[in-house]
Amino acid sequence: MADYDKPLPRPEQEELTRPFWEAAKRHELTIPRCKFCNQFFWYPREVCPVCLRPDWDWEQVTGRGRLHTFTVVRQPMNPAFNEDVPYAYAIVQLDEGIRMITNIVDCEIPDGLAIDMRVEAVFDDVADDWTLVKFRPAS
Amino acid sequence: MSIRGEAAIAGFFELPTQKEYPGRSVLGLMAEAARGAILDAGLRKDDIDGLITTEGINSITVCEYLQIKPNYTTSMTAHGASGCSAIATAGAVVSAGMANYVLCVFGESRPRGSSRLRGESQARRPGAPSRASEWESPFGPVIAANGGYGLIKERYMYEYGATDEQFAKCASDERFNAAANENAVWFEKPVTTEDVLNSRYTNDPIHLLESVMPCSGAAAVIVTTAERARALPNPPVYLLGASGPAVRHDVIWQDDDITTTPVVMTAPKALQMAQYNASDIEFAEFYDCYTVLVMLTLEDAGLVPKGEIGNFYESTDTTYKGEFPINTDGGQIGAGQPGLAGGFRHVVEATRQIMGRAGERQVEKSDLCMVNG
């Protein structure tokens, strides 16, 4: 882990998203949900982007969803990823409806990828303080 | 309210698109384009009382550099759509009487370090945390916008069954047009559909040759009232209808429907204002950073039924010689992308064609064009 030379998450507002990253370290996926209009949303903002009220909380979800789309990376923007090509850069839609950028892992690239296939979250402990939420084909 | 019959383009100028203009600043290139457009319109610099430029370049700085003192100035902030948005805004400004002669001027000089006017790169320089640095960068994005358009193309092919060959035909038609455009970076360098398919993937399913190449260049257009345009030397290019910029998201994973573009919002309004149907359009100049974008927006504008654009390209000659010409200067895929002046090139080529000044590339029917940013 000490050798991990890829970019770690760099939050704009550390206080705002710390609960997400702490949950990820516990291998839990939590998503913002508005207390007023009940909507899940992603990415975290100071206010619910649906009703613009500030009252929302983190809610733990199952981490199950479907692969909305993907692209197979051959030429990463950051050379630190060169060792991983080809890899899948993807949009996953959770069953709660929100969509996030992630990687699809634990499958053949590109042959194991299929749009709309079921996926589940996996937690990649890339550094002592950072765990990335990735996805794999659902078991 | 409408700008129909109220506003027109009276002149234009375009510098050749090149990989670099060594030693030239973006402001210097823009100044050269501005002078060319003012002269082409038969005006003097002192006539200019409006100036619109692009995202990342403060229009006030441009005014000062050019020593133009307008009543109205602004910078567009609609990414690639800034070029078309500038024309729509200029049309509204002259129609409302807020200015009489609006200079719309766009440019880029690469490498970007050569420019001292990069608000964008300041905001995004390494070290500044952002939405991307937290939620995208850890997953290894692709260079430039390739990733987003790869995500869109993969989903579009899945939903509608378009083939890679059909996308490649779009690129080879544009390269055919660029081969006849001496201002194009790929002048006299056509490619075949097979060449496109054989070019490497930057990221599947995006081939290198269906992507734009970042370039340098500049262009300018003068927008004025229809009445004033009629008193100037060039045949007026009337702005019949406009709408936008419409927005649904900044990054693609924030959009609900990634295979439909905001053109579904703007095209009906623009056509209604123009009092034409999509079927009346004779040729199209459409934003084309990637084949998939020009193809989706042609559908969303109503020029081709949704889901049919692949078959359309397969069966239609879209070159300047063809039955429905698209991106007759080569578009950005063929002529190059000088930053946000890339999206502006579609306005410039539409103007050139309608004025009858496209030379070898002159299309047969050149009265009614739809332009998209």
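This is a predicted model: local features need pLDDT of at least 70, side-chain atom pairs count only at pLDDT 80 or more; totals for chains, interfaces and linings use all residues.
What percentage of the 373 residues of chain B count as buried? The figure is 59%, where buried means 20 or more other C-beta atoms within 10 Å of a residue's own, exposed means 12 or fewer, and partly exposed is in between, with C-beta atoms placed from the backbone.

## Ground rules

Residues are numbered from 1 along each chain as its sequence is written, while chains are lettered from A and ligands numbered from 1 in the order in which they are written.

## Chain B overall

Chain B has 14 helices and ten strands, taken as DSSP runs (helices H or I, at least four residues; strands E, at least two) numbered from the N terminus. Its radius of gyration is 19 Å, close to the 21 Å that the globule rule gives for 373 residues, so chain B is as compact as a globular protein of that length. That radius is taken over C-alpha atoms, and the rule is 2.2 Å times the number of residues to the power 0.38.

As for confidence, pLDDT (the predictor's confidence in each residue, from 0 to 100) averages 94 in chain B, with 95% of residues at 70 or more.

## Where the chains meet

The complex gets an ipTM of 0.96 and a pTM of 0.95 from the predictor. Across the interface, 33 residues of chain A are in contact with 26 of chain B; contact means C-beta atoms, placed from the backbone, within 7 Å. On the chain A side, β3(A) gives the largest share, six residues. That side divides into 19 nonpolar, eight polar and six charged residues. Here Ala, Val, Leu, Ile, Met, Phe, Trp, Tyr, Cys and Pro are nonpolar, Asp, Glu, Lys and Arg charged, and the others, Gly among them, polar.

β3(A) also runs antiparallel to β5(B) (residues 201-204), joined by two bridges; at least two DSSP bridges are needed for strands to pair. Val73(A) sits opposite Asn203(B).

Most residues other than glycine have a negative phi, and most peptide bonds are trans. Ile109(A) to Pro110(A) is cis, with omega near 5°, and so is Arg110(B) to Pro111(B), with omega about -5°.

His27(A) has a positive phi, near 60°, and is partly exposed, with 14 other C-beta atoms within 10 Å. Gln67(B) has phi near 50° and counts as exposed, with 9 C-beta neighbours inside 10 Å.

Conventions:
Two residues are in contact if their C-beta atoms, placed from the backbone, lie within 7 Å.
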